[in-house]
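Biologist: Please pick a single part of this structure and take a close look at it. After that, tell me what I should know about the rest before I read any detail into it.

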Amino acid sequence: MSFLILAFAAGVLTIVSPCILPVLPFVLARADRPFLRNGLPMLLGMALAFSAVATLAAVGGGWAVQANEYGRIAALGLLALFALTLLFPQLAERLARPLVALGARMASSGEGGEGGNPSLLSSLALGSATGLLWAPCAGPVLGLILTGAAIQGANAGTSLLLLAYAGGAATSLALSLLVGGRVYALLRRSLGISQWAKRAVGAAVLAGVALIATGLDTGLLSQLSLGSTSKIEQTLINVFQTQAPRDGQMTVTDAIPLAAAKAETAPIPASTPIAWQDSTFAPLAGATGWINTAPLAGADLRGKVVLVDFWTYSCINCLRTLPYIRAWADKYREAGLVVLGVHSPEFAFEKKENNVRRAVKDLGLAYPVAIDSRHAIWRGFDNQAWPALYFVDAQGRVRHQVFGEGQYEASERLIQKLLAERNGQGVRDAGLVAVRGEGVQAAPGDRVLSGETYVGHERAVNFVPAGGLRADRAQRYEAAASVALNHWTLGGQWLVEAERAVAAQAGARLAYRFRARDLHLVLGRDAGAAPVRFRVLVDGKPPAHNHGTDIAADGSGVIDAHRLYQLVRLPASAGDHLFEIEFLDPGAHVYAFTFG
């Protein structure tokens, strides 16, 4: 319920986002008509159409995107026709013929249609067309919903969240429509400008159609900082995700969430007889493969304290927890602890077993790892985020959950507590592990003001310049002359797909202005292709001693596999810096920026 409220609130906030501007003329075009028979059905149609299309786009693949393109073309034509009838009243009369009866009824409802009564169906159709065209600025909340849809699959919960988001937007638009209707009525009574007002609205609708048809609605408008709600949405996410404190005061920090975390059930008193809970580990049967072990089931873990770690190998938050998890696995193995990694992918390349096996080897993980490429174990645990730790006692009960980085001391104390319950005595060494992560596994800096930024069009935000990203088609981009903090730009020939951007020719460039100590980029290359060379600049110069572990001091590096690359390591995170990367060969795959 809390995440539904969050989705609704994020939708309400779209009224102050510049990406709502293209649909405002369509909504206000009927400000002079009764709200219940015109405005309300139109907004309902918009919310339903957007929810349906967004659900299909998140889970349906390329065919859904292509189908929506045809729907957008039809909707643009319908709304352009509607605008023309507002501009030219005589055209509405001519369009009253059977060939275009639908467009005529929509345009003339309440102003020349039969009986002068507005049509519920025409308003609903107009709203549905608007829903096909609306492309909201993808803030953090919508990004979480779409990611959850892609991972969890099509379900009622996903559609309900999208409907809540669209409902919030419709609610704020309804207020605008009610206010606009009163202003229109006042002007009509006092100034007698009814026909001129209609023509002005018609011109605005045509301008909105042109804006959407040229892609400026997702380009120029998404860059206007005045209406940006991302910071407000992120604050709401933080509020809704905070869990009620439990033993050790562990809370959600630095996670990549997909839904609000659920509170833990109250522990069972020690005096109560406890039976082994086989159901806890039943989801392990959904693993598509195993590393460092034969397939495990509940019987193999009976009587053990188990730490289950949900992770994915390109996730910086997950990587920074691994030094602690490795240390706990080594220290407490003899006392009865089993660490079980569950690799649940975020990107498509992380579903490939060979990639996961290579990552486990490179990261030095010796404990069992379940390959969860279909997210069966993820769903079985009803998991919510990367990384996520589940602490299971010797009776098979999940005693605690930790979402995100941090809380390491409390987590280790909990492991010691569960082992003491199992063994009837405390662990021999009650001290805490001393861990220092290196490279991408190092703890983050103190002043990180840049957040994870996706490059694929499905979740991309803060792209400049005007014109926006062209989805699923090769395009030559002109890099912006300057970019603001946490904004990025492309230069050269790119193919921007749902979860990545592919450099279509040598010389493709990407720039990002950031504030953090470390900058990482999730990169890959075409299967079987030669390594892709690239060159990095920081503030217009080679990084020198500020280079990351995956490049040289002169900024040169190569993409040899799909993984997370550390490209910049500054001595401190104060101040803004401009990061630039140029790919000297075609075929680079760029997924997401992360910072530390």
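**A strand and its surroundings**

Modeller: Strand 15 and strand 18 (residues 563–569) run antiparallel and pair over six bridges. Strands here are DSSP runs of E, at least two residues long, and helices are runs of H or I, at least four long, numbered from the N terminus; two strands pair if DSSP finds at least two bridges between them. The model is predicted, with local features needing pLDDT of at least 70 and side-chain atom pairs counted only at pLDDT 80 or more, while totals for chains, interfaces and linings use all residues. Residues are numbered from 1 along each chain as its sequence is written, and side-chain values use heavy atoms, without hydrogens or water.

Strand 15 is also joined to strand 20 (residues 588–595), by seven antiparallel bridges. Leucine 519 has valine 568 of strand 18 as its bridge partner, and histidine 520 has threonine 594 of strand 20.

Eight of the eight residues of strand 15 (residues 518–525) are buried, so the strand is largely enclosed by the rest of the structure. Buried means under 20% relative accessible area, exposed over 50%, and partly exposed in between (1.4 Å probe, protein chains only). In a regular strand the side chains alternate between the two faces of the sheet. Here Asp518, His520, Val522 and Gly524 point one way, Leu519, Leu521, Leu523 and Arg525 point the other way, and all are buried.

Elsewhere, the largest nonpolar core has 66 residues, and Val308, Phe310, Trp311, Trp328 and Leu337 have the most contacts inside it. Such a core is a set of buried Ala, Val, Leu, Ile, Met, Phe, Trp, Tyr and Cys residues joined through side-chain atoms within 4.5 Å. Helix 14 (residues 316–332) supplies the largest share of this core, nine residues. A second, separate core of 36 residues includes Leu469, Tyr477, Leu490 and Leu510.

Leaving aside neighbours within four places in sequence, tryptophan 311 contacts (heavy atoms within 4.5 Å) residues including Cys318, Leu322, Val360 and Trp386. Cysteine 318 is buried, at 0% relative accessible area, and cysteine 315 is buried too, at 2%. A search of the whole structure finds zero disulfides, a disulfide being a pair of cysteine sulfur atoms within 2.5 Å.

As for confidence, the chain averages a pLDDT (the predictor's confidence in each residue, from 0 to 100) of 77, and 63% of the residues score at least 70. Residues 95–100 are below 50, with six contacts beyond near neighbours in sequence. Residues 216–228 are also below 50, with 38 such contacts. Where pLDDT is low, the predicted coordinates should not be read in detail.
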